[in-house]
Structure formats: C-alpha cells, structure tokens
Amino acid sequence: MCIRDSLYCELDNQGEPKSEQECKKRHIREFKERSQVAKTMGTGVIMTEFGSVGSTPKGLTEIDSVLQLTDNSFMSWAYWQYKYFNDITSTTIPTENQGLYFIDGKPQYEKIKLFARPYLPEICGKPISGEYNPKRNYAKFVYRAGECGDFTSVLYYNEELFNDGNKISVQVCLLYTSPSPRDRQKSRMPSSA
C-alpha cells in the first residue's frame, strides 16, 4: 500500500505562485502531515501531482521547492504533464506552459533539468537524507550502510542534460554504526568515510 499525494500552491491570475514563502510553508506542513500518516500506517508516500506552473523563475522555484522535500526524504514522485485537449483541470495561464514542452513543441529545458536531478534508485542500506542544488550542480546523499552481499548502491545522473561543460559534484555519505571497543554505546564513522 502507498499513499498518493499532491502539492499545489495558490496561483495568481497569470498562473504564478502568489507567495513563494507561503507556498514553501504550506508544502512543508502538508509534506510533514502526509509523511506522518504514512509512518503511522507503515507505508510509503508517492508525490503524484505538483508543479502545475510555467518555466518562469517563480514557477521553477515552486517545482524545485517540492522536489527538495522529496529529495530529503527519498520520496518517489511523478510530474503531472498537461496535455492540450481542453483539460479543464488546468489553472496556469497560458495553459501551454504547464507541461514539459512549449506550444511550438520545443522542450522546456530549465524545467526538465530540475526533474532530471541525480538520485539513488537502489540503496544498500537505510536512506537518511538527500539533497540537490541545481544552481550549484551539487548533490548529497546520506544513508546508513547495510549488509547487501553483491548488491551495491546505484547513482543515476543524466549526463545528456548536463553536457554544457559544467561538472556535477556528488557526495555520498555512508554512515556505519558499530560499537566502539572502548564504549559499546558509541557509534563511529570509519576513517575511510
């Protein structure tokens, strides 16, 4: 079983988020509530709808703020793709800006780059936190290492979208918890981490 969730913020008559701060506060509150319900039920959450906005700076900030929340908790997500057939659920004006392509068929690359963020689809251990900063092209993943035999963690990184000469910096932190010989109550980080 999995909880499906959607996050949207209030938009103005141009389809832009009214207040970035209010949107972020609302998203954090709702995100915590859904995560707590999932924890209580012993299940996961998948973000199935968010970011019904254009590729403007405000729209991109709105999308990134939701994705940062999902990154931090390793939550799965799917982007709601607007389709041009008189979709009555559309709220962004003009509606053609909601999808991944402009009305002329050209991709909305800045939006696509936000979605193509690095992630760990397979983790050998328990995920702790993750983050991606698209402005710095920096990703960090923290997880508690597990005993996985031949299984290893896998990092996804879309080289095609980041082929503009910039490098991406990825930091993967493995946390090992084991008793210290001096004190069985302490945890330690291996010197190689």
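In the predicted model, Glu22 and Lys25 both belong to helix α1 (residues 20–41), where three residues, about one turn of the helix, separate them. Their side chains meet in a salt bridge with an N to O distance of 3.2 Å. Glu22 is partly exposed, its relative accessible area being 45%, whereas Lys25 is exposed, at 51%.

A further pair in helix α1 is formed by Arg26 and Glu30, which are four residues apart and thus separated by about one helical turn. The closest N and O atoms of this salt bridge lie 2.9 Å apart. Arg26 is partly exposed, with a relative accessible area of 32%; Glu30, by contrast, is buried, at 11%.

The salt bridge between Asp71 and Arg117 has its closest N and O atoms 2.8 Å apart. This pair links distant parts of the chain, 46 residues apart: Asp71 lies in helix α2, and Arg117 in the loop between α3 (109–115) and β4 (119–122). Asp71 counts as buried, with a relative accessibility of 14%, and Arg117 likewise counts as buried, at 2%. Elsewhere, salt bridges with shared partners join Arg26, Arg29, Glu30, Glu33 and Arg34 into one network. The count of salt bridges comes to seven.

Arg117 is also one of the residues touched by Asp64; Leu114 and Pro134 are touched as well, residues up to four places away in sequence being left out of account. Asp64 is located in helix α2 (residues 57–73). At 10% relative accessibility, Asp64 counts as buried because this value falls under the 20% cut-off.

Note on methods:
Residues are numbered from 1 along each chain as its sequence is written. This is a predicted model: local features need pLDDT of at least 70, side-chain atom pairs count only at pLDDT 80 or more; totals for chains, interfaces and linings use all residues. Side-chain values use heavy atoms; hydrogens and water are left out. Helices (H or I, at least four residues) and strands (E, at least two) are DSSP runs, numbered from the N terminus. Buried means under 20% relative accessible area, exposed over 50%, partly exposed in between (1.4 Å probe, protein chains only). Contact means heavy atoms within 4.5 Å. A salt bridge is a side-chain nitrogen of Lys or Arg within 4 Å of a carboxyl oxygen of Asp or Glu.
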